[in-house]
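Please view the structure before reading the points.

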Amino acid sequence: MVNPNEKIPSVEQKMANKKTDYQLSYLKELEAESIFIIREVAAQFEKPVLMFSGGKDSILMTHLAMKAFYPARIPFPLLHVDTGHNFPEAITFRDELVERLGVKLIVGDVQKYIDEGKLVDEKGYSASRNALQIPVLLEELEKGKFDAALGGARRDEEKARAKERFFSHRDEFGQWDPKNQRPELWNLFNGKKNFGEHFRIFPISNWTELDVWQYLHVENVPLPSVYYAHKRVVFERDGVLLAHNEFTPRRPEEELKEMMVRCRTMGDMTCTGVWESDADTMEKIIQEVATTRTTERGARADDKRSETAMEDRKKKGYF
Amino acid sequence: MAENTEYLKPKTNSQIKNTELLRFTTAGSVDDGKSTLIGRLLYDSKSIFEDQYELIREVSERRGEEGVNLALLTDGLKSEREQGITIDVAYRYFATPKRKFIIADTPGHIQYTRNMVTGASTANVALVLIDARQGVVEQTRRHAIIASLLQIPHLVICINKMDLVGYSEKVYEEIKEDFEGFASKLDVADVHFIPISALNGDNVVNRSTNMAWYEGSTLMYYLENVHIGSDHNLIDARFPIQYVVRPYSDEYHDYRGYAGRVAGGIFKKGDEVMLLPSGFTTKIAKIDTYDGELEEAFPPMSVTVHIEDDYDLSRGDMIVRVNNTPEVTQDLEVMICWFSERPLQPNGKYTIMHTTQEARCVVKDVRYKLDINSLHRNLEDRNIRMNDIARIVLRTTKPLFVDKYYRNRTTGSIILIDEATNNTVGAGMVI
Ligand SMILES: Nc1nc2c(ncn2[C@@H]2O[C@H](COP(=O)(O)OP(=O)(O)O)[C@@H](O)[C@H]2O)c(=O)[nH]1
């Protein structure tokens, strides 16, 4: 402490200073931190759920959760809000993953909500079901009485995330109030809440996109095939390449062409851009990510709508 | 600026193994150039994406600024932008071939002691900015005191805006001397001084040609090379049990593992250990992880420990070494930093969190309030308000297993939670 009288210099401590082999690599340290958070959630909350989007960050989350509880199974279910417009490869991959992990999968089916008249599809060329995911997510969380929803969001993704907590408090409407977040110090995470409130938990907050790729590579974690470069019929809209699919209407001038592409993020086919690339191996992807000079969110049409799009959606409960 | 193409190469597997993680916090008074410096570190280490850069270039142009304002890279949330202030700790990331860096960017404004404390709690290095034209000011002293209170192992004083004082060695030396005079009263083991210009990039990533008299390292070289291997306590073995792993499957029928994160010392298979609170002794049967058994575990690893005898441990218990135990106590003396608009209540009851333990506690006494500009101990004013730091006495409902904070930042720290609002209202360091 500040008072020098209270400090006892320690000889052993000085000896220990000479050791250098007790140092974790950055990926191992990130892993250890994320596992700590995930275990903390299992210990502090009654009914956690892992929000699974199908993307690499969600896949990383399931991998870390698997490690956290090994050899026991992950003690909470996965929740996937399915817009019905996913890449079919992503859905196949999801089902195999769930099978392998032996966890329960809950699907929030946006199509069903639409069929039941609870939600209405956007109209027009740039219609997307992204906004529809929010009410479905919130309703599924409420239905399941989940008090902690684990998500794979990272702080490096967007400016509005830079101040996000590991334990992010939501009021009873699922909303995030930037002024009402708890300070997080050391390894002490306060998950206390009132009835009806819940938490969003972001165990991989401190990872960057490149960290995620490096780790998935080192750990040999399987990924959906669409992450690797493949031939696909695409068209260009507002500078973004979109996959040709039955759900996205095209303007007459938007011509189809076949290209080598891959996904950088996984999401709704109607608004998630694909990326011209010939990176068909993990090594090539990492090389590409390391030298790419645009953010991965730049490839999402929905984030381009406004500079603060993410923050606005976050306040509504999307993240 | 020279192209540092080295930054754009992905790491090889052996590089990954040798790349460490360093966390640092930045502090400075408003306008000392903190945002510019962070922007500069991110930009010169190629951590800025083109679309981000385009955006700030456009904004700079729109505002009629000359050149690209790198400070815009670290702009905060919308509501803050509107108010023109930064109110919270923001985390930023960049990497070089040697290290990955996490910056806890804390606003320097006077009433945000709590943010600084938050950012400092996990930092290996504290970076304090001084405007070369102003020299050591009240804020500088406060930042240094907080760094010392929070036991940040390394302190770097960046004397910024050297371009505005003609890159003068004399100015640099005077500020350095002034700070050293004051820092001798503090408990900071490792202090470094670097003259920089965040705006022009002198001595940030690239060595300055304007200050030939300076023979020390650039800021980036320092951050990449400062020895952090001993920032964790590797002597006092402490393993707070976080979660009990019980598979309930046929294959692992009798499996009972204690999951947690090593908080101190080195645990080896076969070590004789003591269990707290029971005081029973046993041996470590194995240290398990998904990737296989380990011979030893050290901080900050997350592992699963098995013991030889059939004791029933639960969350909050601690595994320690037989001849090296923490203090088992219900009475704590702590330095507390207060976070809440509602003042600390004398005789008030709070929930206390310490490692993976939780208890209730009552505030028995406020010893003094610490003036964090002068280190003066104020014995008269015992009203502890938001952003105050004070020494208090707590009595807990059950024993905690604590070390002094200066020995172990994990087993020596606590938070207090208001039982009515569930908010974290205080952060304390055991003395
Ligand atoms: N001349 C000069 N100006 C600087 C330097 N660093 C920052 N500034 C300017 O000082 C002002 C405040 O900088 P900023 O980074 O926003 O300060 P912050 O409030 O500490 O984040 C801005 O106008 C910067 O351009 C420097 O090294 N030299």
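A salt bridge is a side-chain nitrogen of Lys or Arg within 4 Å of a carboxyl oxygen of Asp or Glu. A:Lys28 and B:Asp291 form such a bridge, with their closest N and O atoms 3.5 Å apart. The model is predicted.

**Chain A and chain B**

- The rule finds seven salt bridges across the interface of chain A and chain B.
- There are also 26 residue pairs in polar contact across this interface, both residues at pLDDT 80 or more.
- On the side of chain A that touches chain B, α2(A) gives the most, with 15 residues.
- That side of chain A divides into 33 nonpolar, 23 polar and 28 charged residues.
- In total, 84 residues from chain A and 109 residues from chain B take part in the contact.
- The two chains bury about 8,500 Å² between them, with 57% of it on carbon and sulfur atoms.

**Domains of chain B**

- Chain B is assigned domain 1 (5–231), domain 2 (238–321) and domain 3 (327–430).
- The centres of domain 2 and domain 3 of chain B, taken over C-alpha atoms, are 29 Å apart.
- Between them, domain 2 and domain 3 of chain B bury about 840 Å², 64% of it on carbon and sulfur atoms.
- In domain 2 of chain B, B:Ala263, B:Gly316 and B:Met318 lose the most area to domain 3, together 44% of what that side buries.

- B:Arg238 and B:Asp403 meet through their side chains in a salt bridge, at 2.7 Å from N to O.
- Four residue pairs are in polar contact between domain 2 and domain 3 of chain B, both residues at pLDDT 80 or more.

How values were computed:
Residues numbered from 1 in each chain as written. Chains lettered and ligands numbered in written order. Predicted model: local features only at pLDDT ≥ 70, side-chain atom pairs only at ≥ 80, totals over all residues. Heavy atoms only, no water. Domains from an automatic or database assignment. Buried area = accessible area lost by both parts, 1.4 Å probe. Polar contact = N/O pair within 3.5 Å; in protein donor to acceptor, adjacent residues only side chain to side chain. Contact = heavy atoms within 4.5 Å. Helix = DSSP H or I, 4+ residues; strand = E, 2+ residues; numbered from the N terminus. Nonpolar A, V, L, I, M, F, W, Y, C, P; charged D, E, K, R; others polar.
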